[in-house]
Amino acid sequence: MAKTNKLEKLYQTVANCEELGLDLPNGVIDQITAMEEQLIKDEVLPLIHDNIEPTLKQVKRPLVLVVEYAPKGTLRVNLSRKVNITAQISDAKEITPDPIVEHTEKKKGGKKVVLNPRTRLRITMPDGHIIEESTAQETLRQFILSVGVDRVRAVGLKVNKVPLVSNTIDSKYKTSQKSLGRGWYLMTCSDTATKKRQIETIATAIGIDVNVDIV
């Protein structure tokens, strides 16, 4: 309910700015887009899975159903046999939540974990630009935003079974998932050395040369 109220307020902000001829505040459209996509993931996809998918199992050939929705119009469903929809619609985006990860609870009474001193990361980018934030996790986050969330997502890294870049809030590690915008979350539950390796792996996978130092 709180998310719905916030989305309604964002819509009202857009309407007010249009009525007054004012520029929209920075980030409003990005917030609306992220919340609309999250609404589809949370509310629409479960309906498709529970009600539509069982019926479609009767169909033995691949197809694409394109749903056109206009707030003041009618809902239209279009059928296509061209299953690679992203090749036909340039801004098509797959909205599929990452699967829920099952975590096993560790028994209490084990060895105490000794925490290492807090360290940071310094990343020197190919053009000489340096990314160095006050924490290692924020440096990793800024690096991912710099090179592109979609590119990093495609690398497929996981941390504690959870995708490094995920569109699902994990029940166990939700406090360690930091927003990247547009419904994406960065898994930061790892030490600095692991984050360093993650950055180097990402850089190699996307074909850029970076230097990463622990400071």
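Author: Contact, as used here, means heavy atoms within 4.5 Å. By that test, and leaving aside residues up to four places away in sequence, Asn167 touches Lys41, Thr96, Pro97, Asp98, Arg153, Gly183 and Trp184. This is a predicted model, in which local features need pLDDT of at least 70 and side-chain atom pairs count only at pLDDT 80 or more, while totals for chains, interfaces and linings use all residues. Residues are numbered from 1 along each chain as its sequence is written, and side-chain values use heavy atoms, with hydrogens and water left out.

Reader: Thanks! Where does Asn167 lie, and why is Asn167 called buried?

Author: Asn167 lies in the loop between E7 and E8. Buried means under 20% relative accessible area, exposed means over 50%, and partly exposed is in between (1.4 Å probe, protein chains only). Asn167 has 4%, which is under 20%, so Asn167 counts as buried.

Reader: What makes the link between Asn167 and Thr168 a polar contact?

Author: A polar contact is a pair of N or O atoms within 3.5 Å; within protein, one must be able to donate a hydrogen and the other to accept it, and residues adjacent in sequence count only if both atoms are side-chain atoms. The side chains of Asn167 and Thr168 meet at 3.4 Å, which is within 3.5 Å, so the pair qualifies. The side chain of Asn167 also reaches the backbone nitrogen of Asp98, at 2.7 Å.

Reader: What is the makeup of the protein chain in helices and strands?

Author: The protein chain has six helices and 10 strands. Both are DSSP runs, numbered from the N terminus: helices are H or I with at least four residues, strands are E with at least two. Buried residues make up 27% of the 215 residues. Of the contacts between residues at least 6 apart in sequence, 48% join residues at least 24 apart.

Reader: Why are E7 and E8 called edge strands in their sheet?

Author: Two strands pair if DSSP finds at least two bridges between them. The sheet is open, with three strands in the order E7-E9-E8 and antiparallel pairing. Strand E7 (165-166) and strand E8 (177-181) each have a single partner strand, so one side of each is left without a neighbour in the sheet.

Reader: How do you know that E7 and E9 pair?

Author: E7 and E9 share two bridges, in the antiparallel sense, and since at least two are needed, they pair. Val165 stands opposite Leu186 in E9. Four bridges join E8 to strand E9 (residues 184-187), with Gln177 partnered by Met187. In the hairpin of E8 and E9, two residues sit between the strands, and Arg182 takes a positive phi near 55°.

Reader: What makes both faces of E9 covered?

Author: Trp184 and Leu186 on one side, and Tyr185 and Met187 on the other, are all buried. Helix H4 (residues 136-147) lies across E7, E8 and E9, at about 25° to E8. Such angles run from 0 to 180 degrees between N-to-C directions, with axes being lines fitted to C-alpha atoms, for helices over the stretch in contact.

Reader: Which strands make up the sheet that contains E10?

Author: That open sheet has the order E4-E3-E10, with antiparallel pairing. Strand E4 (130-131) and strand E10 (211-214) are its edge strands, each pairing on one side only. Four bridges join strand E3 (residues 121-124) to E10, where Ile123 stands opposite Val212. Helix H6 (residues 192-206) lies across E3 and E10, running at about 180° to E10.

Reader: Which residues of H6 are buried, and what puts them on the same side?

Author: They are Thr192, Lys195, Gln198, Ile199, Ile202, Ala203 and Ile206. They cover an arc of only 130° around the axis, which puts them on the same side of H6; the arc is that of the directions from the helix axis to the C-beta atoms. These buried residues pack against E3, H4, helix H5 (149-155), strand E5 (158-159) and E10. On the other side of H6, Thr204 and Ala205 are exposed.

Reader: Why is Glu37 called buried?

Author: Glu37 has a relative accessible area of 12%, which is under 20%, so the word buried applies. Glu37 is in helix H2 (residues 28-56). Glu37 and Arg182 are 145 residues apart in sequence, and 7.9 Å apart in space, C-alpha to C-alpha.
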